[in-house]
Amino acid sequence: MMDYWILVVDDDISNLTMANNILGAEGMRVSSVKSGASAIKFLQTNRPDLILLDVYMPGMSGFETFEVIHGDERTADIPVIFLTADDDSETETRGLKAGAMDFIKKPFMPEVLLIRIRHIVELTRLQANLAQEVEEKTKEITMQHRKLESLSVHIVMALSGAIDAKDTYTNGHSARVADYSRKIARMAGFSQEMQDEIYLIGLLHDVGKIGIPDAIINKPARLTDEEYAVIKTHPVLGENILKEITEFPKLVMGARYHHERYDGKGYPSGLAGEEIPVEARIIAVADAYDAMSSKRAYRDVIPQKQVRAEMERGKGTQFDPAFADIMLKLIDADTDYDMREK
Ligand SMILES: [Fe+2]
């Protein structure tokens with residue numbers, strides 16, 4: 001017993017009857033129509049497992065009918081076996097080239113007909129199952145990938161919160177630097193992916209401060225030279241923490257190089273110009289802007305005009321001039337001086 005549904009299309013009633021008898025005897029469900037046009041109409045509301053299609057019919061030929069079936073995405077994947085009375089190999093080649101699964105010569109040998117039908121229907125079902133399985137697995141993997149990605153972002157945010165919590169004066173510094181860096185990257189025309197990366201790199205640029213004693217980080221007075229030297233180790237400390245995250249090597253760039261200066265007078269490496277990774281050049285601008293526009297225990301908020309002047313002054317010396325220019329544009333657009341620690 002085979003639970004197949006076969007559509008037979010043939011203008012010759014005796015052929016239809018014969019097909020019906022052979023297939024019906026095997027438990028198959030058979031629908032028969034006498035022309036290409038009726039087959040197409042039938043297929044609008046029915047979906048058989050396979051079509052036996054006569055090549056020579058009055059009206060639409062088998063090939064013309066096949067073209068319509070094959071060209072419609074709703075029916076394109078129903079396998080078609082052509083029925084032909086002649087021994088013409090050219091006809092056969094033409095049909096197979098068009099995408100038919102097989103040819104069977106009339107009058108049918110019942111055994112041959114059944115074997116070919118079974119073979120093709122099973123193959124088609126297997127393919128469909130496989131395609132569905134691949135689709136399901138792909139969906140599953142995409143979901144897992146998204147979850148993992150969102151988990152990574154949350155871990156980075158939690159870590160950045162931990163850095164900021166340690167430093168009582170610079171509440172929310174990392175988050176603001178990340179935000180400003182992303183804005184600069186967007187205005188510089190960087191891809192969405194790069195903007196998202198720069199945001200995360202910005203969040204962790206000061207991660208090395210976790211390794212600096214609280215007494216130095218939170219000292220309410222001016223730092224001694226020794227203390228300042230300790231603070232200056234935070235980029236390398238940060239690099240050592242982040243280099244463990246081998247899946248995202250750029251994280252290291254922000255932490256290690258954000259205190260480099262465009263003129264080469266920064267630390268820890270004294271890199272100049274484009275030697276400094278682009279992420280670090282962007283973060284340097286955002287970092288300096290946030291330092292100036294945030295409250296400090298020992299001073300009031302610096303007026304926006306003065307912040308702007310400092311940014312202008314550092315162009316080409318402390319900062320990459322292109323990114324400093326973008327920061328100046330952001331400052332000029334911020335008429336209420338909203339872009340700062342709240
Ligand atoms: Fe820093």
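The buried residues of helix H14 pack against helix H6 (173-187), helix H12 (278-293) and helix H13 (304-314); two residues are in contact if their C-beta atoms, placed from the backbone, lie within 7 Å. This is a predicted model, in which local features need pLDDT of at least 70, side-chain atom pairs count only at pLDDT 80 or more, and totals for chains, interfaces and linings use all residues. Residues are numbered from 1 along each chain as its sequence is written. Helices (H or I, at least four residues) and strands (E, at least two) are DSSP runs, numbered from the N terminus.

**Helix H14**

- The buried residues of H14 are Phe323, Ala324, Ile326 and Met327. Seen down the helix axis, the buried residues of H14 fall within an arc of 155°, so they line one face; the arc is that of the directions from the helix axis to the C-beta atoms.
- A residue is buried if 20 or more other C-beta atoms lie within 10 Å of its own, exposed if 12 or fewer, and partly exposed in between, with C-beta atoms placed from the backbone.
- Exposed residues Pro321, Asp332 and Ala333 are carried on the face of H14 turned away from its buried side.
- At 1.5 Å a residue, the 13 residues of H14 (321-333) should span 18 Å, which agrees with the 18 Å between its end C-alpha atoms. The expected span is 1.5 Å times one less than the number of residues.

**The loop between H11 and H12**

- Ile276 is found in the loop between helix H11 (250-257) and H12. Ile276 counts as buried because it has 22 C-beta neighbours inside 10 Å.
- Leaving aside residues up to four places away in sequence, Ile276 touches Tyr257, Glu260, Leu271 and Arg281.
- Pro268 also lies in the loop between H11 and H12, and a cis peptide bond with omega of about 5° joins Tyr267 to Pro268.

- The peptide bond from Lys106 to Pro107 is cis, with omega near -5°. Pro107 is found in the loop between strand S5 (102-105) and helix H5 (110-166).

**The segment after H14**

- Tyr337 is placed in the segment after H14. The phi of Tyr337 is near 50°, a positive value in a residue other than glycine.
- Tyr337 counts as partly exposed because it has 13 C-beta neighbours inside 10 Å.
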